[in-house]
Amino acid sequence: MPLPDLDELIAEVDRTCVTAHRPGGPEQPDWLALLTAAAALAGQLQALSDDLVEDYVEHCRMHGSSWTDIGAALGVTRQAVQQRFHAPHKRYGPETMSEDLREAMVHVKRAAVQHRNNYIGTEHLLWGLTARANSATRLLESAGAAPEAVHRAVESRLTQGASQAAERIAWTPYSRKAIALAEARSQRAGATHIDCADLLVGLAGVGRGVAAAVLTEAGFDLATAQGHSGGGERETITPVA
């Protein structure tokens, strides 16, 4: 995958900074506005790079690597890497999920293993949610998106990896954000378990990743979907990105 070069990033800043080139304005662009836009873009790129490293630190910890080994791989001390990544990620076991969501998770892991992926991304979650009828597929239908079309679209985005199947597969940062949003929505409704519809709304609420892109292309509008709670009042989620 080719990375953007500096000229491409400069062009993106120039394209998106609408306040820098006002019709009828001064001949010179608003350089401070362009600087602000450049800093925002740099922040987004930094956040992506941090998420990438965090994802693989999570894999290493899950499969027994010590903080000393992880620090050496990153070229920093054990203390430095612990300070940056010490907070453990919350685990969501089957006991936190509804029966339908537990069934969907079987399909989620199957998709990752069959495609030799060593991670569970938002695409695997959406594929699993739409593999069988449940509250997520009903929410899609009520919002005017066909579950079968969503399932086919996300299936086309699943890529074949080169990893051996692992007993424990780590979730990507976007997937963890989605399940956290789903849990918040479930708790606000007073539910005892996270359901499929909660996770679907969480995937849309993240606003980034394969699942969010597929849902947007399918015409799944988060605001409209949240008007269909599927049983019980659910928390309104604002897209993260």
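So, what pattern does the chain follow, read along the sequence? It goes α-α-α-α-α-β-α-α-α-β-α-α-α-α, and that comes to 12 helices and 2 strands. Helices here are DSSP runs of H or I with at least four residues, strands are runs of E with at least two, and both are numbered from the N terminus.

Quick housekeeping. This is a predicted model, where local features need pLDDT of at least 70, side-chain atom pairs count only at pLDDT 80 or more, and totals for chains, interfaces and linings use all residues. Residues are numbered from 1 along each chain as its sequence is written, and side-chain values use heavy atoms, with hydrogens and water left out.

Okay, the whole chain. Of its 241 residues, 40% are buried; buried means under 20% relative accessible area, exposed means over 50%, and partly exposed is in between, with a 1.4 Å probe and protein chains only. Now contacts, meaning heavy atoms within 4.5 Å: take those with a separation of 6 or more, and 69% of them join residues 24 or more positions apart.

Next, a pair of helices. The axes of α2, residues 31–62, and α3, residues 67–74, come within 10 Å and cross at roughly 145 degrees. Those axes are lines fitted to C-alpha atoms over the stretch in contact, and angles run from 0 to 180 degrees between N-to-C directions. Which residues meet there? From α2 we have V53, V57, C60 and R61, and from α3 W67, I70 and L74. One of them, C60, counts as partly exposed because its relative accessibility is 31%.

Compare another cysteine, C196: it counts as buried because its relative accessibility is 0%. C196 belongs to α10, residues 196–206, where 11 of 11 residues are buried.

As a reminder, a disulfide is a covalent bond between the sulfur atoms of two cysteines.

Last stop, N134. You'll find N134 in the loop between α6 (122–129) and α7 (135–142). Is N134 buried or exposed? Buried, because its relative accessible area is 3%. Leaving aside residues up to four places away in sequence, N134 touches D100, L129 and C196.
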